[in-house]
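Hello,

Here is the structure you asked to look at.

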Amino acid sequence: SSIRFTFSGTDNNNNIAVAGFECSKDHLPFSTCTSPLILNNLASGVQHNFQVRAIDTSGNKDPTPASFTWRILAPKQAVQKLINTIDSMHLGKGTTNILEY
């Protein structure tokens, strides 16, 4: 029900320094944020979206924020997704699978 984002930025125009960042969760309005950022109490079973944009010392905002979209699965959903993934491999009977992360 939580996720941690770490981000940084540089300005490619005129060597202007990045003054800070703005973030948006689930398409809400952007607000000032710092890295790392932890989002808590996220609902499971729904799609979430996080965006972050840099702001330079001249006040220019990145017109193309970085974006990440994900879905938190309930344990039952996660187990079923794992089963489906293994089944999709069409492995022969007796094949042993080891999943590492």
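The notes below cover the sheet, the disulfide and a few backbone features. Please keep in mind that this is a predicted model.

Four strands make up an open sheet, and their order across it is 3-2-5-6. The pairing is antiparallel. Strand 3 (31–33) and strand 6 (66–71) are the edge strands; each has a single partner strand, so one side of each has no neighbour in the sheet. From one strand to the next, the twist averages 30°. As background, the strands of a sheet pair through backbone hydrogen bonds, and the pairing can be parallel or antiparallel.

For the pairing of strand 5 (residues 47–56) with strand 6, there are six bridges, in the antiparallel sense. If you want a place to look on screen, take Phe50: its bridge partner in strand 6 is Phe68.

The disulfide

How many disulfides are there? The count is one. It joins Cys23 to Cys33, with an S to S distance of 1.9 Å. The link of Cys23 and Cys33 is right-handed, with 65° about the S-S bond. Cys23 sits in strand 2 and Cys33 in strand 3, ten residues apart, and the pair is counted as linking distant parts of the chain.

Are the two cysteines buried or exposed? The cut-off for buried is under 20% relative accessible area. Cys23 has a relative accessible area of 6%, so Cys23 is buried. Cys33 comes to 10%, so Cys33 is buried as well.

Backbone features in the loops

Most residues other than glycine have a negative phi, and most peptide bonds are trans.

- The peptide bond from Ser35 to Pro36 is cis, and its omega is near 0°. Pro36 belongs to the loop between strand 3 and strand 4 (37–39).
- His27 is not a glycine, yet its phi is positive, at about 65°. His27 lies in the loop between strand 2 (18–25) and strand 3. With a relative accessible area of 60%, His27 is exposed.
- Asn41, also a residue other than glycine, has a positive phi near 55°. Asn41 is in the loop between strand 4 and strand 5. Its relative accessibility is 73%, so Asn41 counts as exposed.

Regards

Key
Residues are numbered from 1 along each chain as its sequence is written. This is a predicted model: local features need pLDDT of at least 70, side-chain atom pairs count only at pLDDT 80 or more; totals for chains, interfaces and linings use all residues. Side-chain values use heavy atoms; hydrogens and water are left out. Two strands pair if DSSP finds at least two bridges between them. Helices (H or I, at least four residues) and strands (E, at least two) are DSSP runs, numbered from the N terminus. Axes are lines fitted to C-alpha atoms, for helices over the stretch in contact, and angles run from 0 to 180 degrees between N-to-C directions. Buried means under 20% relative accessible area, exposed over 50%, partly exposed in between (1.4 Å probe, protein chains only). A disulfide is a pair of cysteine sulfur atoms within 2.5 Å.
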